Amino acid sequence: MKGLIRPDIDEYFLKIASVAAERSTCRRHNVVAVAVRDKHILATGYNGAPSGLKDCLELGCLRDELNIPSGERHEICRGIHAEQNVIIQASLHGISLEGSTIYATHTPCTLCAKMLVNAKIKRYVSFGKYNDSTFRDLFREAGIELDIKERPSAQINYLD
């Protein structure tokens, strides 16, 4: 058998998040959140316009047009953040995120961090950093474990 290196569980779910990020409709960042409990995916969410509405790929980015820096004036954006969407998707399917781990391509903004605290997640794993670090104090106070990992390899390894 070939010498295949099996990714650890964090790398595995971060790779899944990386592939799912291709669904994002944001022109600035492709962000995904994958909720996992007991090594099973509960829900996924990516950043983009509300379901069924025109997105920024079609309409353009108002934040870019107004020169709004990343991490500021969230209310101007048409998109919903990945963490918000993972919470929404879980609730639509009657799934609690309590005790889950969120695997994400970026760290959360402070608004999403507050929602994740209330969703009672236990761990947040990411390889990218969003332009807002105020979430760290919220996570620390809520007892949410934070792990910042290396970006996983984009290579998919398999046997033919």
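Threonine 25 is placed in the loop between α1 (9–20) and β1, where helices (H or I, at least four residues) and strands (E, at least two) are DSSP runs numbered from the N terminus. The structure is a predicted model, in which local features need pLDDT of at least 70 and side-chain atom pairs count only at pLDDT 80 or more, while totals for chains, interfaces and linings use all residues. Residues are numbered from 1 along each chain as its sequence is written, and side-chain values use heavy atoms, with hydrogens and water left out.

With a relative accessible area of 13%, threonine 25 is buried; the term buried stands for under 20% relative accessible area, exposed for over 50%, and partly exposed for values in between (1.4 Å probe, protein chains only). When neighbours within four places in sequence are left aside, threonine 25 is in contact with Asn47, Gly48, Ala49, Asp55, Cys56 and Leu57, contact being defined as heavy atoms within 4.5 Å.

The largest nonpolar core holds 19 residues, of which Leu97, Ile102, Ile121, Tyr124 and Phe139 touch the most other members. A nonpolar core is here a set of buried Ala, Val, Leu, Ile, Met, Phe, Trp, Tyr and Cys residues joined through side-chain atoms within 4.5 Å. At least two residues of this core are supplied by each of β1 (32–37), β2 (40–46), α4 (82–92), β3 (101–104), α5 (110–118) and α6 (135–142), and α4 gives the most, with 3 residues. Apart from this core lies another, of 10 residues, among them Val32, Tyr103, Val125 and Phe127. For isoleucine 102, the contacts that remain once neighbours within four places in sequence are left aside are Ala33, Val34, Ala35, Val86, Leu116, Ile121, Arg123, Tyr124 and Val125.

Two helix pairs were examined through their axes, which are lines fitted to C-alpha atoms, for helices over the stretch in contact, with angles running from 0 to 180 degrees between N-to-C directions. In the pair formed by α4 and α5, the axes are 9 Å apart and the packing angle is about 30°. The helices α4 and α5 are therefore roughly parallel to each other, given that angles under 35 degrees count as roughly parallel, over 145 as roughly antiparallel, 65 to 115 as roughly perpendicular and the rest as oblique. The crossing of α4 past α5 is left-handed; a crossing is left-handed if the near helix is turned anticlockwise from the far one by less than a right angle, and right-handed if clockwise. Glu83, Gln84 and Ile87 of α4 make this contact with Cys112, Met115 and Leu116 of α5. Divided by class, the contact of α4 with α5 has 4 nonpolar, 1 polar and 1 charged residues, where Ala, Val, Leu, Ile, Met, Phe, Trp, Tyr, Cys and Pro count as nonpolar, Asp, Glu, Lys and Arg as charged, and the others, Gly among them, as polar.

In the second pair, the axes of α5 and α6 come within 9 Å and cross at roughly 15°, so that α5 and α6 are roughly parallel to each other. The crossing of α5 and α6 is right-handed. On the side of α5 the contact is made by Thr110, Ala113, Lys114, Leu116 and Val117, and on the side of α6 by Phe135, Leu138, Phe139 and Ala142. By class, the contact of α5 with α6 has 7 nonpolar, 1 polar and 1 charged residues.

Several loop residues were also described. Aspartate 38 lies in the loop between β1 and β2, and the phi of aspartate 38 is near 55°, a positive value in a residue other than glycine; with a relative accessible area of 65%, aspartate 38 is exposed. Lysine 39 is likewise placed in the loop between β1 and β2, has a positive phi near 65°, and counts as exposed at 61% relative accessibility.

Phenylalanine 127, in the loop between β4 (123–126) and α6, counts as buried at 12% relative accessibility. The C-alpha atoms of phenylalanine 127 and isoleucine 148 are separated by 5.4 Å, although these residues are 21 residues apart along the chain. Cysteine 109, in the loop between β3 and α5, counts as buried at 2% relative accessibility. Leaving aside neighbours within four places in sequence, cysteine 109 is in contact with His74, His81, Tyr130, Asp132 and Phe135.
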